[in-house]
Every structure is written in structure tokens, then in C-alpha cells.
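Have the structure open as you read.

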Amino acid sequence: MPVADLSAFGHDTWWLVLLKALGIFAFLVVTVLVAILVERKVLARMQMRLGPNRVGPRGLLQSLVDGIKLALKEGLIPARADKPTYLLAPIISVVPAVMAFAVIPMGPEVSIFGHTTPLQLTDMPVAVLYVLAVTSVGVYGIVLAGWASGSTYPLLGGLRSAAQVVSYEIAMALSFAAVFVTAGTMSTSGIVTAQQHTWFAFVLAPSLLIYLTAMVGETNRAPFDLPEAEGELVGGFHTEYSSLKFAMFMLAEYINMTTVSALATTLFFGGWQAPWPLSMIHGVNLGWWPLLWFTAKIWIFLFFFIWLRGTLPRLRYDQFMALGWKLLIPAALAWLMVVALSSSLPDQGARVPWTSLAGAAAILAAVLTATLRTRVRARRARAIDPISDLVVHRKEIDV
């Protein structure tokens, strides 16, 4: 496996590192404020409502005012709560979400106050594994919040989240492995460089589909928001939280959405590189322009999250687990074998063109789509016939 060129990192002065870290944090906070407002506006549009329209011009300051309102509310602590853990849980959720963005490349090398530096805080040979490790720590905040609240429903929500992350991180990691094999590196900047001519979204389409499904489950978003299913668990793991502590959980959720969107952009859509045909224009991938393309790609994925929430109903917990363990993980393993085989054949003197790999990707993607449609139709047929559905559930209970 070739070694990624990381010579541009590790030479920044302390104030430049601090400036880039503050810039990343400001980018994430502003993105969260805008995403909450856009989500409320878009969902209102889908449901033929107006949405926020009172605070500021056309309601543009609604997210900021909501944050101030939550910060000024009284913070209540349940009598049965484990106070130190109860207060620490929101922090454990927020900090890993921000840390994961440290290795995301947001642009090429630029000049900041006379210093040439990449628009990336740092990079490492195993940067994507670092993202997986850091984001996995965030689930501890949810689990500890449910346990420390001293209440039944938050505890159930925290346990659901733990099972959810374990189930869908396996499929997510397997989709990453196909990218590693194809790019020849685990460095995020190296993966972006490997997509100069062809984005991995076209070559590794099944990995992209698996990742898109896994990232929704990883971030506890509809239709996979089982840890906070208000119809079953009141509000889930954050039922007993209020004021700024509740706001921190919401901040962590939306930062995680931004992080997984940035990771999808980096691994499958060329990162900060301009899309075709803009890429044919000289200079669009130089200077500060790539930051615009990177942000635009992130917002496409954020709209995808919003569109799913306004379109699909929440799954049952058994359906959700079956999708992860019975479909995504086997499909990811099968596709990884195809990618590994196609990458090893050239070493034996054979040539496997990109078109063959893309064809195999299209076939596997079609199989995944057909399987999903078959499952949906079967569920609908059972919903139409409630008696047979009752019999099936009775057998499941007996087992």
C-alpha cells in the first residue's frame, strides 16, 4: 500500500493551529444553526406550513433565539440521578463530535497571514480509523445519559443507541474498507487525491449506498431514530434533560450529521474538488474556492437527512436490526471481496478496468435495491392482512 504524502502537516505554528481549530468549531456551530432553521423551513414546506417566520427577517434568527432561550432556562436535575455522570454525559457527546472533524480536508494549501498551510487541521496514515474511533466514543454520552437519569425510559433509549451503533458501525467500517483498498491509503487527504479523475461514488456505488444507510442509523436520525422514539420512550435518552444540557445533545446530533456528511464527501465525492464540468475551469481547485465546493457537497447530504425525516416513517426495532445484520453487513462483505479481488488481479499480470468494477457495483446495487423493495412489499402485504400479521408476531413471541 503506498504511503500518503503527509509532509504538509505538522509544521504550523501554535497560533495557526489554534486559528484553524477555532475556524472548524465556528464552521460547525454556524452549520448547526443554519441546518436547524433549514430543516424547520423545509419540513414546513413539505407539510404546506409556513415554518419559523417571526424572529428576524423571515424567521432567520429563530435558531439563534432558540439557543439563547435554552441557555437561559432553569437546569433541573432529577432527584434519583447520578449527578456527576448526569452532567458529564452531554459533554461526552459533544466533544468527540467536534474532534472527528480534525482530519477532514476542507481545501488545498492556502496562504493565511503569509503562512502556507492546508485547509485541514491535521492528517495521519489512519485518519479514517481515527474518525471511526472518535465517533464511537460519542455513544457513551447517550448511554451514560440514559443510565444516570435514574429513569426507565431514558435507560431504554440509551441501550437502544448502544445496540444501534454496534450494528451499523460494522457495515460502515466495511464500506470504508472498500475505499481503502481502492485508494491505497487511509489518509483522508490521500483519498481525496486518489479521486482526481474519478469519484469513488461511481466506482464504489454499493459502498456508497451502504454508507448512506449506515450514517443515518449512526446519527440516530429518522427513520432510524429509535433511541429517542417519542411514541414509545417519551423522548428517549434525553427525557430528563433541560436547559443547556439538552441543547448540547442537539448540538452533538447536528454536528455528527455534518461530520458524516463531510466524511461521505471526502470518501466518495472527491472531497473539496470541484464537480464536473466546473473542474475543467482553470483555478477552481486552487485557493479558497474549494471550500465552497466542499460546503455545497455537505449541504446536499444535510438536505438528504431532512428529506428522509419528512418522507419516511420510523421503522420498528426488529426491522431496523434485521436491516443492519441481515442485509447491510453481508452485502458489504460480498462487495469488499469483489473490490479486493479486482485490486489484486493486476498484481498477477491481469488488468481489471474501472468499467468492470463499476459494472459489478451496478449489479450489486440493483440486487440491494430489489431486496429492499421485496422487504417493503412483504411488510405492506402483512399490514393489509392483520390476522396473518398477528399470527406471525404470536410465533415470534412464542420463540
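## Where α1 crosses α10

Helix α1 (residues 14-46) packs against helix α10 (residues 243-268) at about 100°, their axes 9 Å apart. Axes here are lines fitted to C-alpha atoms over the stretch in contact, with angles from 0 to 180 degrees between N-to-C directions; helices are DSSP runs of H or I, at least four residues, numbered from the N terminus. The two are therefore roughly perpendicular (65 to 115 degrees).

On the α1 side, Leu28, Thr31, Val32, Ala35, Ile36 and Glu39 meet Leu251, Tyr254, Ile255 and Thr258 of α10, where contact means heavy atoms within 4.5 Å.

This is a predicted model, so local features need pLDDT of at least 70 and side-chain atom pairs pLDDT 80 or more, while totals for chains, interfaces and linings use all residues. Residues are numbered from 1 along each chain as its sequence is written, and side-chain values use heavy atoms, leaving out hydrogens and water.

## Aspartate 225

Now for the loop between α8 (205-218) and α9 (230-233), which is where aspartate 225 lies. At 10% relative accessibility, aspartate 225 counts as buried (under 20% relative accessible area, 1.4 Å probe, protein chains only).

Leaving aside residues up to four places away in sequence, aspartate 225 touches Asn220 and Arg314.

## The chain overall

Zooming out, the chain has 14 helices and two strands (strands being DSSP runs of E, at least two residues). Of its 399 residues, 46% count as buried.

Notes:
Parallel < 35°, antiparallel > 145°, perpendicular 65-115°, else oblique. Buried < 20%, exposed > 50% of the residue type's maximum accessible area, 1.4 Å probe, protein only.
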